[in-house]
Amino acid sequence: MTTAQTKNKTDDQTKYGYFLGCVMPAKMPWAEKATMLVSKHLGLDFGYMKETLCCVRPGVWKAVNPDWWLSITAQNLANAEKQGIVMVDTCNGCYVSHYEAIQELHEEPEKMKMVNEHLVKAGMDPLKGTVRVRHYLELLYEDVGMKKIKANVVNPLTGIKIMRHVGCHARKRGDILPNYFDEILKATGVEIIDTPYDKTCCGLLLYFSDSNQSILDRIGKKMLTAKELNVDAYAIICSGCYDQFDRAVKVYKDEKGIAFDTPIVHFSELLALAFGYKPEDFGMMYCRPIPTTKLIDKLKTLKEGKQ
Amino acid sequence: MTSEAKIQKNLGKPIPVPGTEEKVSDLVIVHDPNKCTGCGQCMIGCAYKHYKTFDRKFGLLYVNESPDRKGFYVNANCQHCVYPMCLASCPKEAIFKDEQSIVRISPMLCVGCGTCNQACPIAIPRLDEERKIYVKCDFCDGEYPMCFQMCSPGALQLLPRKEAFELVKKLRGGK
């Protein structure tokens with residue numbers, strides 16, 4: 001099926017269209033499921049976006065050719081616009097690509113003309129520029145609101161210590177998204193431990209350039225700090241960053257003989273747990289390089305202690 | 001990048017420096033270490049723009065973790081100075097200011113002696129090992145600089161000289 005065959009909005013199409021990206025369905029099925037559970041639980045009209053292409057990571061493609069990047073990214077925007085949905089990204093890389101592209105197209109009518117010429121050649125409808133791109137954090141904080149999120153917390157995760165990683169692209173709009181992330185995490189009841197490496201990049205962007213520095217000097221320092229502080233989990237937002245965490249676990253084990261035991265969890269999972277879902281409801285114990293057994297056991301013990 | 005604000009993307013006419021006969025580029029790139037995550041995307045973007053490789057070592061600006069503070073990243077990028085020390089020190093007169101006041105090294109005249117690197121307070125010119133000459137930032141020929149375009153956390157800012165000066169003053173605690 002080509003992009004030209006994009007369907008118009010159908011009855012089963014939701015208001016918010018979830019743009020999954022590449023890593024989420026491949027490596028983080030538990031986070032995908034938890035995100036869907038949390039969204040439905042909060043009453044959001046939330047479903048998968050149909051007919052998506054690669055987000056086209058701006059960090060690579062913008063340097064190669066900004067016009068190529070813009071034209072390829074615009075295909076996702078055009079699809080979302082045609083389907084009449086608000087495009088929602090959980091991956092910071094996808095978000096920044098779509099967000100920057102639509103912003104640039106609004107600012108520069110000539111680029112919009114160029115992109116539309118390419119879209120029409122590909123058999124697609126031209127882009128009007130009415131599509132909205134939102135990060136999942138924005139959806140939760142701005143559309144649902146902290147009041148409703150807090151009201152849905154029936155199982156506060158009190159006693160769980162976490163470190164958190166926001167990711168570079170989530171800082172695109174300054175401190176807005178990092179603050180939303182912190183507020184949402186606090187609502188689940190976890191204790192956030194601050195460290196000097198909180199702001200540091202996961203290293204994914206450097207991986208093309210210098211794999212050693214990317215693993216040992218960026219993500220490695222974060223993971224070693226988590227190990228040293230013996231936190232219960234490392235909370236993340238972005239599936240791109242998760243890919244790097246996943247890689248670091250293997251590299252450290254194979255090359256340094258260091259086994260990390262701090263599970264990397266998506267913040268949707270923490271929300272789902274706080275909303276009363278069980279780990280098995282979203283497969284929290286499967287497909288992970290670092291098992292979540294210790295975290296799940298601690299949650300059980302804490303729950304029994306409360307009762 | 002301050003995403004919401006409209007920014008000037010290309011160099012305009014060089015501006016005169018009061019009290020001197022010198023001119024200087026109207027825009028300059030400033031780094032805010034409080035925002036830098038050390039992702040290295042600026043160096044990678046620069047390397048691709050100039051050398052068609054993603055190897056950050058080919059970049060013409062440099063970001064490193066501060067030796068004094070964990071998780072704090074500092075940068076060195078060319079400021080295209082009013083009185084460039086690199087230009088003054090070059091024994092072959094290979095360094096010049098062009099009509100946009102971009103400080104450039106002529107690859108035809110440079111002999112790779114490295115005096116410019118020694119003279120620059122932040123050691124910006126670096127040796128191009130293949131060509132055996134020194135190279136430095138050319139402000140992407142006055143166009144929208146790639147390093148700035150690549151910076152998601154907004155640590156690199158493309159500012160008019162006056163605003164840049166105010167920002168640096170603020171970052172230094174008013175000094």
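Colleague: Why does B:His80 count as buried?

Modeller: Buried means under 20% relative accessible area, with exposed over 50% and partly exposed in between (1.4 Å probe, protein chains only); B:His80 has 1% relative accessibility, so B:His80 counts as buried. Please keep in mind that this is a predicted model, in which local features need pLDDT of at least 70 and side-chain atom pairs count only at pLDDT 80 or more, while totals for chains, interfaces and linings use all residues. Residues are numbered from 1 along each chain as its sequence is written, chains are lettered from A and ligands numbered from 1 in the order in which they are written, and side-chain values use heavy atoms, with hydrogens and water left out.

Colleague: What is the phi of A:Val56, and why does A:Val56 count as buried or exposed?

Modeller: A:Val56, although not a glycine, has a positive phi of about 65°, and because its relative accessibility is 3%, A:Val56 counts as buried.

Colleague: What makes the meeting of A:Asp210 and B:Arg56 a salt bridge?

Modeller: The term asks for a side-chain nitrogen of Lys or Arg within 4 Å of a carboxyl oxygen of Asp or Glu, and the side chains of A:Asp210 and B:Arg56 meet at 3.0 Å, N to O. Between chain A and chain B the count is four salt bridges.

Colleague: How many residues does each chain bring to the contact?

Modeller: Taking contact as heavy atoms within 4.5 Å, chain A brings 31 residues and chain B brings 32 residues.
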